[in-house]
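Q: I would like a close look at one part of this model, and then at how that part sits in the rest of the chain. Please keep it brisk.

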Amino acid sequence: MAGIAAFRAHRYDLARAGTLSDVVSPPYDVIDDKLQQRLYDRSPHNVIRLELNQPQPGDGDANNRYTRAAGFLREWLADEVLTQDSARSLYVLHQEYEVEGRRHVRKGFYARVRLEPFGASDVYAHEETMSGPKADRLQLLRATRMNLSPIFGLYPDEHNEIQQALDANVARALALEATDHLGVVSRLWPITDQQVISKVVGLMGPKPVFIADGHHRYETGVLYAQERRDAGEAGDDAASNFILMNLVGMSDPGLLILPTHRLV
């Protein structure tokens, strides 16, 4: 089974960080140099400084993009730009986007998922990975010791039972909202109700999870977790044994799969 659990997220204190739309960033592997600079310019607290720090002349073993990311993270935690939630939670995520003139809303939730090598649990891959991106993400994970962007996972749920249970809990709550550089509107609600969390964890227990995006980061997480265990720093419930995922039901009506066009 794919073991999921609630967790205590680190989130922006908007009184210190400013508008949430100014501090969000897409995953590292879709960011080119121009977008990276745009995100740098948008806010001194944009997460790009952690997710994909800019290289600098003279970078070496002691000072580089990974140590700078860790430095920004320590600074933001110390200044309480980032604060950790007091209760373990699941986090409902709705993302509104447009395709060919029509608006869609994809619904999912953030949870931490236990890391196991592919083939050892019900977390499944669909693509090969490359050593270069894994080495890059491993250096960042070693430096920051934090999941900075979620894996995108899909699970079977023909009647959307899990998402409906979550959405019922946030129906009247005010969401945190951010609009990214592509116009995608993300809305987030923390779920702290332990009955709801227990129900979702129980329903997810027997379900497989298929990675839609984030294979390199998942395999990097597996390697990092093993490093921490080998160093005697990680018990069974240690944070390093889990990875952050956005989990979306395969039958969610807002889930669209579009072709990727490549020129060879």
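Q: Is Glu-100 buried or exposed, and at what relative accessibility?

A: This is a predicted model. Glu-100 counts as exposed, because its relative accessibility is 81% and the cut-off for exposed is over 50%. Glu-100 sits in the loop that joins strand S4 (90–99) to strand S5 (102–114). Its backbone stands out too: phi is near 50°, a positive value, and the residue is not a glycine.

Yet Asn-160 is buried: its relative accessible area is 15%, and buried means under 20%.

Ser-86 is exposed, with a relative accessible area of 73%. From Ser-86 to Ser-186 there are 100 residues in sequence and 23 Å in space, C-alpha to C-alpha.

Now follow the strands inward. Asn-246 belongs to strand S11. Asn-246 is buried, because its relative accessibility is 6%. With neighbours within four places in sequence left aside, Asn-246 contacts Leu-93, Gln-95, Gly-108, Phe-109, Tyr-110, Pro-150, Ile-151, Phe-152 and Gly-153. Strand S4 spans 90–99 and strand S5 spans 102–114. Leu-93 and Gln-95 are among the contacts of Asn-246, as are Gly-108, Phe-109 and Tyr-110.

Phe-109 leads on to the core. The largest nonpolar core has 28 residues. Phe-109, Leu-166, Val-200, Met-204, Tyr-218, Met-245 and Leu-247 have the most contacts inside it. Helix H7 (residues 194–204) gives this core its largest share, four residues. A separate core of 16 residues lies apart from it, with Ala-17, Val-47, Tyr-66 and Trp-76 among its members.

Residues up to four places away in sequence are not counted here. Beyond them, Leu-166 touches Leu-90, Val-92, Phe-109, Ile-191, Val-196 and Val-200.

Met-250 counts as partly exposed, because its relative accessibility is 38%. Together with Tyr-124 and Phe-210, Met-250 makes a nonpolar surface patch of about 260 Å².

Last, the whole chain. There are eight helices and eleven strands. The radius of gyration is 18 Å, close to the 18 Å that the globule rule gives for 264 residues, so the chain is as compact as a globular protein of that length. Along the principal axes, the C-alpha atoms fill a box of roughly 55 × 50 × 45 Å. Of the 264 residues, 45% count as buried. Among contacts with a separation of 6 or more, 74% come from residues 24 or more positions apart. The chain exposes about 14100 Å², and carbon and sulfur atoms supply 51% of that area.

Technical notes: Residues numbered from 1 in each chain as written. Predicted model: local features only at pLDDT ≥ 70, side-chain atom pairs only at ≥ 80, totals over all residues. Heavy atoms only, no water. Patch = residues over 30% accessible without salt bridge, like charges linked within 9 Å, V, L, I, M, F, W, Y side chains within 5 Å. Areas by Shrake-Rupley, 256 points an atom, 1.4 Å probe, with all protein chains shown as cover. Salt bridge = Lys/Arg side-chain N within 4 Å of Asp/Glu carboxyl O. Buried < 20%, exposed > 50% of the residue type's maximum accessible area, 1.4 Å probe, protein only. Helix = DSSP H or I, 4+ residues; strand = E, 2+ residues; numbered from the N terminus. Contact = heavy atoms within 4.5 Å. Core = buried A, V, L, I, M, F, W, Y, C linked by side-chain atoms within 4.5 Å. Rg over C-alpha atoms; globule rule 2.2 N^0.38 Å.
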